[in-house]
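Subject: Structure handover

Hi,

Here is the structure I promised to pass on. Please open it, then read my notes below with the model in view.

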Amino acid sequence: MKNFNLFIFDLDGTLVDSADHHFNAFNMALNDMNYPEILYDDHLLNYNALTSKQKITKYQETYNILINFDEFNSLKQKHTIYIIKNKDYYNSDIYNSLKLL
């Protein structure tokens with residue numbers, strides 16, 4: 001077996017079920033800025049799998065408002081980190097398999 005010094009892989013949707021993370025962090029940041037939150041179904045249909053920049057652009061167009069992206073993104077990242085540190089969302093089967101590498 002070959003020895004590897006580095007493994008690169010995408011955790012999002014693989015090791016971590018992060019769709020709900022992004023939905024919750026997005027709404028928490030909107031709430032912090034006193035903007036209306038999006039509904040879960042709306043998130044799944046219109047925002048899921050978009051980058052934060054794409055989500056904010058779509059949100060601004062939908063609600064006809066202007067949001068400071070840097071401020072919003074900073075808040076969203078803060079909430080995402082909080083959610084990840086305080087929730088156990090990883091897929092344990094995949095996690096245990098990766099530990100064997």
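In helix 1, the residues His21, His22, Asn24, Ala25, Phe26, Met28, Ala29, Leu30 and Asp32 make contact with helix 4. Their partners in helix 4 are Phe72, Leu75, Lys76, Lys78, His79, Thr80, Ile83 and Ile84. Sorted by class, this contact holds nine nonpolar, five polar and three charged residues. Keep in mind that this is a predicted model.

How are two packed helices described? For helix 1 and helix 4 (residues 69-86), the angle is about 130° and the axes are 8 Å apart. An angle over 145 degrees would count as roughly antiparallel, and 65 to 115 as roughly perpendicular. Helix 1 and helix 4 are therefore oblique to each other. Their crossing is right-handed.

Helix 4 also holds Ile81. Is Ile81 buried, partly exposed or exposed? Its relative accessible area is 46%, so Ile81 is partly exposed. Now find Ala25. Ile81 and Ala25 sit 56 residues apart along the chain, yet 8.9 Å separates their C-alpha atoms.

Next, the second pair. Helix 1 (residues 19-32) also meets helix 3 (residues 52-63). Their axes come within 13 Å and cross at roughly 55°. That makes helix 1 oblique to helix 3. This crossing, too, is right-handed.

Which residues meet here? From helix 1 come His22, Phe26 and Leu30. From helix 3 come Lys55, Ile56 and Tyr59. By class, the contact of helix 1 with helix 3 has four nonpolar residues, one polar and one charged. Note that His22, Phe26 and Leu30 are also on the list for helix 4.

Stay in helix 3 and look at Gln60. Why does Gln60 count as buried? Its relative accessibility is 15%, and buried means under 20%. What does the side chain of Gln60 reach? It reaches the backbone nitrogen of Ile67, at 2.6 Å. Leaving out residues up to four places away in sequence, Gln60 touches Ile65, Leu66 and Ile67.

Two loop residues deserve a look. Most residues other than glycine have a negative phi. Asn34 is not a glycine, but its phi is positive, about 65°. Asn34 lies in the loop between helix 1 and helix 2 (40-47). With 69% relative accessibility, Asn34 counts as exposed.

Ala49 is the other case. Ala49 is not a glycine either, and its phi is positive at about 75°. Where is Ala49 found? Look in the loop between helix 2 and helix 3. Ala49 has a relative accessible area of 75%, so it is exposed.

Last, step back to the whole protein. How many helices and strands are there? The count is five helices and zero strands. Along the sequence, the pattern reads α-α-α-α-α. The protein has 101 residues, and 27% of them count as buried. Finally, take the contacts between residues at least 6 apart in sequence. Of these, 60% join residues at least 24 apart.

Best wishes

How values were computed. Residues numbered from 1 in each chain as written. Predicted model: local features only at pLDDT ≥ 70, side-chain atom pairs only at ≥ 80, totals over all residues. Heavy atoms only, no water. Axes fitted to C-alpha atoms, helices over the stretch in contact; angles between N-to-C directions. Helix = DSSP H or I, 4+ residues; strand = E, 2+ residues; numbered from the N terminus. Parallel < 35°, antiparallel > 145°, perpendicular 65-115°, else oblique. Left-handed = near helix turned anticlockwise from the far one by under 90°. Contact = heavy atoms within 4.5 Å. Nonpolar A, V, L, I, M, F, W, Y, C, P; charged D, E, K, R; others polar. Buried < 20%, exposed > 50% of the residue type's maximum accessible area, 1.4 Å probe, protein only. Polar contact = N/O pair within 3.5 Å; in protein donor to acceptor, adjacent residues only side chain to side chain.
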